[in-house]
Amino acid sequence: MDYTNQIREIAARLFSENKIDVFVGYRMTGFDENQVPVLIRDPKEVPRLVFNDKSVFNLTNYLKHEHTRGKRVGLVVKGCDSRSLQLLLTESQVKRDRLYVVGIACEGVVDDAGQKYQNCQECVFPDAVVFDEMLGTPKGNGQYQVNADIRELASKDLVERRAYFEEVFENCIRCNACRHSCPMCYCAKCCIDQESSTLYNGANTTSAAFHALMTWSLHLAGRCVDCRNCEKACPSHLPLHLLHKWNEQVIYENFQEHLAGVHEGDRGAFYKYSLQDPDDFIM
Amino acid sequence: MNTEIFVTDKAGLATFYEAIIAKHETYAPVEKFGKYEFKKVSALSGCDPDAPIATTMSAKPLFFPRSAKIMKYTADASGTKVSETDEDPLSAQRVILGMKHCDARSLQVLDKVYNWDFIDTDYQKRRRNTVIISARCDKADTHCFCTSLDYNVERLDAMDVLIVNGADGKVYIEPRTEKGKSFLEGDLTHHMTHVRDNEEAAKAMKKQYDAFAGSFRLNMDYKTVNEGLSKIFDSPQFENVSDNCVGCNTCAFVCPTCHCFKISDEKVKDTGVRYKSYDSCNNGYFTLMAGGHNPRPVKYRRWRQRALHKFVYYKERFGENLCVGCGKCTRACPVNISIFEVVSTLPHINNIQ
Amino acid sequence: MARVGVFVCFCGANIADFVDVPAVVEEAKRIREVKFAIHYKYMCSDPGQQQIRDAIVQHRLTSIVVAACSPRMHEKTFRKALSDAGMNPYLLEVANIREHSSWVHQKDKKAATEKAADLVRMAVAKSIANEQLHEISVPVTKRALVIGGGIAGIQAALDIADARIPVVLVEKSPSIGGKMAQLDETFPTLDCSQCILTPKMVDVASHPYIELIPYSEVIELDGFVGNYKAKIRKKASYVNFKTCTGCGACWQKCPVKVPNEYNMGLDKRKAIYTPFPQAVPNKPVIDATHCTMLLKGKCGICSKVCEKGSIDYTMKDEIIEREIGAVVVATGYDLWDPKPYEEYGVGRFKDIITSLEFERMVSANGPTNGVPVRPSDGKVPKNVVFIKCIGSRDEAKGIEYCSKICCMYTTKHTILLHHKVPGSHSYVFYMDIRAAGKGYEEFVKKAQVDTAATYLRGRVSKIYKKGDKLMVRGEDAQIGQVVEVEADMVVLATAVIPNKDNPDLARLLGVSYDKYGYMSEAHPKLRPVETAKAGIFLAGCTQAPKDIPDTVSQASACAAKVCGLFSGDTMKKDPMISTVNNEYCSGCQNCVKVCPYGAIVTEEVPMGHGSKEMRTVAKINEGVCQGCGSCVAICRSMAITLAGFTDPQIINEIVSI
Amino acid sequence: MEAAVNNQLVSIEKPEIVAPPDWQPVIIGILCNWCSYAGSDLTGTSRIQYPPNIRIIRVPCSSRVDPWFLIKSLQTTADGVLVSGCHPGDCHYISGNYYARRRFLVTKKLLHFTGFHENRIQFSWVSAAEGPKFAKVVAKVTEDIKKLGPLHLYKKENFEK
């Protein structure tokens, strides 16, 4: 998967047609094989753009930054990224007419070892669901499957799970990198940081981490698109996807196969309801 | 010159580590979720003092905890009673194994700020009662640039005991401070050869250092950086170099020298605890004042603050860079921003390449 | 710092017997913020309230906790006490130590006391986070909408209009009058229904404060109490009411015949018709489902005979809007279809009729000129069997409730039969005779004597045909034997069911309805006229089966409520509603989606101080918000606060146990 | 399901946590004002007895209950939480309990997944007329939580009770 040339062409064209103010893409880091997101404002810099299977980061994250706010933005989105874009559009965070979306029919991105990431192996929507222009041959939707890690962990007993997650919460350093790298966390001020609110757990204790991660995962329940920006950002390498994938699975199974950001206008699972929702867990 | 060196081999080194762990409260790099962090260990098997790369987390939490309980209080009708927290006695001696140069060095940098103005006695106690045993790296990785900063890595006295894996297969253990010297006296070194002012040992250690120093990919002249950065406070370049930063704060949390903190209270019923916890200047509301004014409301200003604090302000006040070149921030950065790349290119060129 | 006063009530022995009240007071005194704590025998009594008022002044208290009965009981009482002492009433918290402790843990005084102390501590913690709140004033549009032009709607409209408040009366059918217009005489006084109803109908038509919109339906209701906006669809009548004189030439000449709903299908009307001679307005409409001109484009006779040229076949439905402040719903009832009673031969035997059909037959303006006749052969019946509780009180086939009016009208029918058909005899199968009402029991007793009707207590098991007679077999429970009655005609007292449009209308109005489809009152005893939605009131059978006097009373009660609501230029509203903190709102608009009242809209605000860039944030219409807190819980940014139930208040409670 | 080791009641999720001999669970009940709170009042008026471990918090509607109230409760003071609202279709605020129901399910499952017994948080629909039901629900929840043993989440870390 290498669309470097096509993306450069598109970016150059968009600049020459004066359709965009800034193009968000990837460039090489300059010191290793990895890539770093780049915001291109000058058509001269277009040749820095690259796109291949190391283009990992979900660029829709940049739509919440001041550099793109109110500007006409060109943007490269893979399948998962496009779903978060869909949700951002639904939640009125970006205006569609200010975006030029280069969708990718994604074949999966790889880590340092050249191994496809787990979420890419399990990807249900590899093709961008929002785009103005599509690169690659669409593969069609995959079948939703239960995450392997979830399956393994869910088979363990309560005591083991509690011990496992206690370790997760202990290892969280409350840097909030997960939140900042998440494209769906765009709040003006995160509830966890509002000193005036009683949710505020300023300390970096296990207790605070438990609270913050649980609340965060519930805020993303039904909205998480499994791009795993958070997990890749976590300096403690915490298995954050467990929380999100679990919620996703519960929601998928119970709430009419809801998956985030697939349909236009479909908000998170908590902002709608059905009379047929499960009721048997309530006395 | 009066250099004492203990010579041993790999097995001897393991015996040495084991003896320390058995005898002292010991901290060493422990792997969890693929991340190395200093944790209290009870056996050599659970840790990795010779971990090839620097730990993901610095050793900073051992001196400046992620969340320190600074006091405990009860508040009822009879009044408010403040009590000391019961954790962290601070007085027992402890040993840290496997701290790299950069981490050890960072404590010397931090000492300056902790000894200035308000003297942080907790920090001082922790520093005083800790013996740092550090094995010199054999090879720099992609993001290391400690040799580019203004201290002599070879003759560093940041650690109490230096361990060098000699090119000749022997392991050299050298006390660097008085504390280290007295620590090594006694049972710990009985199985080793004790030499003084030994030419051969010095040569082997120098050879190892040269190989190590030669492995650095990143080299810069920090003086140019200091000077360059000090002149470009108003440069629009900051906006460009910071635009792909997602503002996640990770860099500050893993940084061995970042030392900003916030105070928070947690209260249940009538008992409360006051915490002092890490914070980061990259945080959008780090500088938000009670009246609502925020002098750094936009990302590039926060970013500029971080870069300039590391390489200009701290240097101006304390004579040292607030960066030890460990590369932890670059490794942790979700979008692979390299502080080295930014500061070494920013002052010189008009266009980022 | 907060200075909280705690007042613990003995409630006589109700609390004191099972909770160690002095211990609770001592426990409260240990809390840092509590500056004053006492107990008293009856906190709600005047001297009790006086202690609160005195303490507020003497101890400079900043919030008050009363530990007593449920806040649903006396919250208002104590709030008033706070107001009287010059304190904001919303600084009160009530710890419910009676319903939630002393009464439910009567065997364990220690545990009950501990729990009471905890409840007090929670209330103290919550009260510390209480804020001063002020009642909200909302402007009021002084115009009422009455939906339904039966006797309930007519009465409500007239009463409101008599108070010089404009009323919009919307009626679905071409004429007002409703079910009452179909009745002959009314129990228990046997006045002629038409004689008492038609003058009121005429009053409606001529009242300067009533705008009558017949042949129309409410299709949308937006807004909130005092400020509703209703959309009304005026169905196309194809007759220009402005020019039509109601001469009747059109319907006399119309060739199309249609079963007449007014007469329960016992005779025919025309495709252009007025429902009944006394209709108000007395203007015909064209039934578009039957008019051949509208269906096939052939005919046009009515247009030709109309001297005024009032017929307009091109007329379309028209949507009109009215701004109103309150709604009275008076949609009335329908009758249950007795088809499930197959064993009676319903549908097979023509001579089994429903009571409303009987009512039309005995009515002087009815299809048979006031004489009941058998539908099968047109003969006048001699022996008539009346069967009550058809569908009512029948969980298996019909509905569980009692329809309330059948006992009385069946009695009336026996009298009417006795009057209209000399020598006739009535048999009444009944389960009970429910004659609770002024003069009702006397009416029944007198009728039984006068008509000499045979009352048989028991259910009918079967009806079968024998020759041209109907054989009614049932049980007479009083003698414990099966009886068979040879009847010329059987009249079924079918159950009252809500108007079939009720659920749709309820959803449209945003009021709740029960499993049958009756709209729900706000409180079954104390607020039987209001709905849970402020400004919407219920009259008549919309809420439950009722007879005419009850319906009229409720309609007048609605009018009183509406007049009360409109008594000032503005209206006071509970301040426990949501507000948005613009600084934190990220404008995702999920709250807009979730709000059940449509109380949340969006507005544009500058990005920062003096910034020209705008961003969208949520804005809550304080008049519409009912304070449910749905938006608060789904707001991830925690930008929305619900006064009275803020996050700090609730968390303070949680962490202080 | 009983969490006991050597006849000592322990936390079902973390057997290291042993309940003191006189341990009584703390249960927080969050009730909606219109149905369940009124129902609990009716329980009182009818003098129906139930275990005294529950501490009741009044909210306007079950939809006001943010999942983090539950998390915070378990984290600080409670061994179990009961949330109760109007029956589906009876919500005083039309649809609040439907939204709440979704959140509750996900919260319950998430807590279960992260190692907390499902019964730590429970939900019920109790109408204003269901005084006896409320007593039954509280009795059941108390019974359940007693079996699960103390929760002791992170409170021991910071606060000695």
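Analyst: Start with chain B. The model is predicted. The centres of domain 1 and domain 2 of chain B, taken over C-alpha atoms, are 28 Å apart.

User: What makes domain 1 and domain 2 of chain B separate units in this description?

Analyst: The bounds come from an automatic or database domain assignment. Domain 1 of chain B covers 4–63 + 86–214, and domain 2 covers 222–266 + 282–345.

User: How many residues does each domain of chain B give to the contact?

Analyst: Domain 1 of chain B gives 21 residues and domain 2 of chain B gives 20. Residues count as in contact because their C-beta atoms lie within 7 Å. On the domain 1 side, the classes are 11 nonpolar, 5 polar and 5 charged.

User: Why is Arg393(C) called partly exposed?

Analyst: Buried needs 20 or more, exposed needs 12 or fewer, and partly exposed is in between. Arg393(C) has 17 other C-beta atoms within 10 Å, so it is partly exposed. Arg393(C) sits in the loop between E21 and H12 of chain C.

User: Which omega goes with the cis peptide bond from Phe187(C) to Pro188(C)?

Analyst: Omega is near -5° for that bond. Pro188(C) lies in the loop between strand E8 (185–186) and strand E9 (191–192) of chain C. The bond from Val280(C) to Pro281(C) is cis too, with omega near -5°. Pro281(C) lies in the loop between strand E15 (272–273) and strand E16 (285–286) of chain C.

User: What angle and axis distance describe the packing of H11(C) and H12(C)?

Analyst: The angle is about 35°, and the axes are 11 Å apart. H11 of chain C covers residues 355–362, and H12 of chain C covers 406–420.

User: Is the crossing of H11(C) and H12(C) left-handed or right-handed?

Analyst: H11(C) passes H12(C) in a left-handed crossing. The term applies because the near helix is turned anticlockwise from the far one by less than a right angle.

User: Which residues make that contact?

Analyst: H11(C) brings Ser355(C), Phe358(C) and Val362(C). They meet Tyr409(C), Thr410(C), His413(C), Leu416(C) and Lys420(C) in H12(C). By class, that is 4 nonpolar, 3 polar and 1 charged.

User: How do you know that the radius of gyration of chain A agrees with a compact globule?

Analyst: For 283 residues, the globule rule gives a value near 19 Å; chain A has 19 Å, so the two agree. The C-alpha trace of chain A spans about 60 × 40 × 40 Å along its principal axes. Of the residues of chain A, 57% count as buried.

User: What share of the contacts in chain A with a separation of 6 or more joins residues 24 or more positions apart?

Analyst: Such pairs account for 69% of those contacts. The secondary structure of chain A comes to 9 helices and 5 strands.

Methods: Residues numbered from 1 in each chain as written. Chains lettered and ligands numbered in written order. Predicted model: local features only at pLDDT ≥ 70, side-chain atom pairs only at ≥ 80, totals over all residues. Axes fitted to C-alpha atoms, helices over the stretch in contact; angles between N-to-C directions. Helix = DSSP H or I, 4+ residues; strand = E, 2+ residues; numbered from the N terminus. Contact = placed C-beta atoms within 7 Å. Nonpolar A, V, L, I, M, F, W, Y, C, P; charged D, E, K, R; others polar. Rg over C-alpha atoms; globule rule 2.2 N^0.38 Å.
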